[in-house]
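Open the model in your viewer and keep the sequence beside it. The tour goes from one selection to the next.

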Amino acid sequence: YLEVSAQGYSITVGDGGVYGTNGGQGENSVFSSITSTGGGAGQSGHSQGSQTATTGGSGGGAVGTGAAGVAGQGFAGGTGTGGLNPHGGGGGGASEVGSTDAIMDGGDGKASSISGSSVVYAGGGAGRREDQANGTGGTGGGGSAANGSANTGGGGGSSSGNTNGGSGIVIIKYRYQ
């Protein structure tokens with residue numbers, strides 16, 4: 001909740017993380033003094049020299065320990081497994097840690113009715129296994145071997161191709177006096 005007056009405000013709608021760019025970190029969405037942190041990137045690959053998972057609004061999943069989320073915004077990425085057929089953990093969502101439902105599944109997002117109907121936002125992207133099996137994206141736009149859904153902040157799901165996170169969204173609801 002933010003008290004506003006009749007004036008112009010700067011608004012930034014953050015882009016989703018882009019595969020291979022800055023580790024895939026999402027951009028922040030900003031309205032006035034409120035900032036929603038962009039999502040963390042998931043780990044790419046399991047060999048030495050691969051991109052490690054990064055912290056964000058929701059953390060990125062990893063073969064090892066997933067990255068942390070930001071308190072009040074999202075949860076940590078899931079922890080996968082190593083071995084001969086490593087599993088990547090799912091990305092964190094706005095309402096749960098990645099890999100809560102299954103090891104490669106993205107965490108579920110959070111429902112909001114600010115737009116007039118209930119919509120789930122900020123689902124985590126799915127992880128992938130070495131043999132190319134995919135987890136399920138978290139509800140709220142999380143991708144599974146696909147991009148995250150636009151205007152939801154959903155994470156991109158791991159795949160053999162390039163997948164990106166979905167853009168954020170800023171919704172302003174006000175009472176006309």
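**Stop 1: an aromatic pair**

Select Tyr 9, which counts as partly exposed at 28% relative accessibility. Keep in mind that this is a predicted model.

Now show both side chains. A search of the whole structure finds one aromatic pair. The ring centres of Tyr 9 and Phe 31 lie 5.3 Å apart, and the planes meet at 40°, so the pair is tilted. Tyr 9 sits in the segment before strand S1 (11-12), while Phe 31 belongs to strand S2 (residues 29-31). The two are 22 residues apart, and the pair links distant parts of the chain.

**Stop 2: the sheet**

Stay on Phe 31 and select Ile 11, whose bridge partner in S2 is Phe 31. S1 and S2 run antiparallel and are joined by two bridges.

Widen the view to the sheet. What is the order of the three strands? The order is S1-S2-S3, in an open sheet with antiparallel pairing. S1 and strand S3 (34-36) are at the edges with a single partner strand each, so one side of each has no neighbour in the sheet.

**Stop 3: a salt bridge**

Finally, select Arg 129 and Asp 131. They form a salt bridge, with the closest N and O atoms 2.9 Å apart. The structure holds one salt bridge. Asp 131 is partly exposed at 42% relative accessibility, and Arg 129 is also partly exposed, at 24%.

Note on methods
Residues numbered from 1 in each chain as written. Predicted model: local features only at pLDDT ≥ 70, side-chain atom pairs only at ≥ 80, totals over all residues. Heavy atoms only, no water. Phe/Tyr/Trp six-rings, centres within 6.5 Å; stacked < 30°, edge-to-face > 60°. Helix = DSSP H or I, 4+ residues; strand = E, 2+ residues; numbered from the N terminus. Buried < 20%, exposed > 50% of the residue type's maximum accessible area, 1.4 Å probe, protein only. Pairing = 2+ DSSP bridges. Salt bridge = Lys/Arg side-chain N within 4 Å of Asp/Glu carboxyl O.
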